[in-house]
Amino acid sequence: MWNQWQNSVLGNIWSDYITDFVKHASLCTIGNNFLHMGLLPNTAKFFPQKYKFSIQNNYPSVKISGGIVLNTHYYTLPFENESMDCILSIHSFDQLEQHEIQPSIQEINRVLKPHGKLIIVNFNPYGLWYMRHRAGKLFKHAFLPLKPKHSGISYYNFQDLLSETGIRLQQAQFGIYDLPSNSKNYKSINENLNKMGNRWWPNLSNIYSLIMIKHVQGMYLNTEKEITKESYPYTLNIQPTPKKALYNNHT
């Protein structure tokens with residue numbers, strides 16, 4: 001099903017868009033361990049990590065360049081705690097049942113290192129493609145290559161699911177506003193829709209992409225109230241160094 005989708009007109013547009021986004025998202029990634037989950041394993045080449053792993057769950061058997069392919073569930077990742085520097089998820093959550101989503105997020109949070117990067121690409125349930133997919137399911141003719149029981153995860157729902165973890169949003173991107181048709185006759189219409197969509201209705205795109213960072217608990221400055229000796233008696237009293245002392249240190 002996914003192979004047929006990737007070879008279609010919309011599938012080519014989808015593939016080119018995600019490849020460009022992942023290439024941008026791979027910038028400034030550091031560390032040695034990289035984990036790829038889902039589709040388009042060739043995008044792993046943009047990441048500089050030395051050790052690369054690919055998790056395949058209900059996808060066709062694929063190979064990742066210079067990496068190891070593991071066939072397991074997303075909610076039982078065979079890695080140690082805080083062992084991955086970067087995780088790329090391309091439509092992996094679009095292939096999960098509703099009860100599998102939260103455990104998979106917890107597993108990602110477990111294996112991702114502090115300050116590690118999480119990159120996610122999902123279909124937008126408010127986009128035209130997904131609306132066409134819902135209509136097709138009534139006649140047992142699905143438009144998108146998704147599981148029959150999959151109900152979609154919106155950008156806002158995903159934020160709620162991640163609220164209990166330390167993973168926070170760094171950048172969100174909405175894209176592809178093409179009509180749900182593989183006909184090339186709508187090329188000019190789709191070009192106009194993409195121009196207007198980015199400006200007027202970004203939340204109705206067919207795809208949304210997220211770049212997220214795992215933060216750790218730390219100490220933050222409370223800027224709502226000025227810190228004084230009266231309010232906090234343990235404030236350090238640091239005196240400036242005399243100019244004469246500075247001069248003597250350099251002589």
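Trp5 has a relative accessible area of 5% and is therefore buried, since buried means under 20% relative accessible area. The model shown is a predicted one.

**Aromatic residues**

- The structure contains ten aromatic pairs.
- Trp5 and Trp129 form one of these pairs, with ring centres 5.5 Å apart and planes at 80°, so the pair is edge-to-face; planes over 60 degrees apart count as edge-to-face.
- This pair connects distant parts of the chain, because Trp5 belongs to helix α1 (residues 2-6) and Trp129 to helix α4 (residues 128-138), 124 residues apart.
- Trp129 has a relative accessibility of 0% and so counts as buried.
- Phe34 and Phe47 form a stacked aromatic pair, with 4.4 Å from centre to centre and 25° between the planes.
- The pair of Phe34 and Phe47 also links distant parts of the chain: Phe34 lies in strand β1 (residues 33-38), and Phe47 lies 13 residues apart from it, in the loop between β1 and β2 (51-56).
- Both Phe34 and Phe47 are buried.
- One aromatic cluster is formed by Trp5, Trp14, Phe123, Trp129 and Phe143.

**Surface**

- A nonpolar patch on the surface is made up of Tyr126, Tyr156 and Leu204, which together have about 300 Å² of accessible area.
- Leu204 is found in the loop between α6 (187-200) and β7 (207-214).
- With a relative accessible area of 42%, Leu204 is partly exposed, because this value falls between the limits of 20% for buried and 50% for exposed.
- The accessible surface of the whole chain is about 14900 Å², and carbon and sulfur atoms account for 54% of this surface.

**The chain as a whole**

- The chain has seven helices and seven strands.
- Along the sequence, these elements follow the order α-α-β-β-β-β-α-β-α-α-β-α-β-α.
- The chain has 251 residues, of which 44% are buried.
- Of the contacts between residues at least 6 apart in sequence, 70% join residues at least 24 apart.

Definitions and conventions. Residues are numbered from 1 along each chain as its sequence is written. This is a predicted model: local features need pLDDT of at least 70, side-chain atom pairs count only at pLDDT 80 or more; totals for chains, interfaces and linings use all residues. Side-chain values use heavy atoms; hydrogens and water are left out. Helices (H or I, at least four residues) and strands (E, at least two) are DSSP runs, numbered from the N terminus. Buried means under 20% relative accessible area, exposed over 50%, partly exposed in between (1.4 Å probe, protein chains only). Contact means heavy atoms within 4.5 Å. Accessible areas come from the Shrake-Rupley method with a 1.4 Å probe; for residues, only the protein chains shown count as cover. Rings of Phe, Tyr and Trp (its six-membered ring) pair if their centres lie within 6.5 Å; planes under 30 degrees apart count as stacked, over 60 as edge-to-face and the rest as tilted. Patches are made of residues with over 30% relative accessible area and no salt bridge: like charges are joined within 9 Å, nonpolar side chains (Val, Leu, Ile, Met, Phe, Trp, Tyr) within 5 Å. A salt bridge is a side-chain nitrogen of Lys or Arg within 4 Å of a carboxyl oxygen of Asp or Glu.
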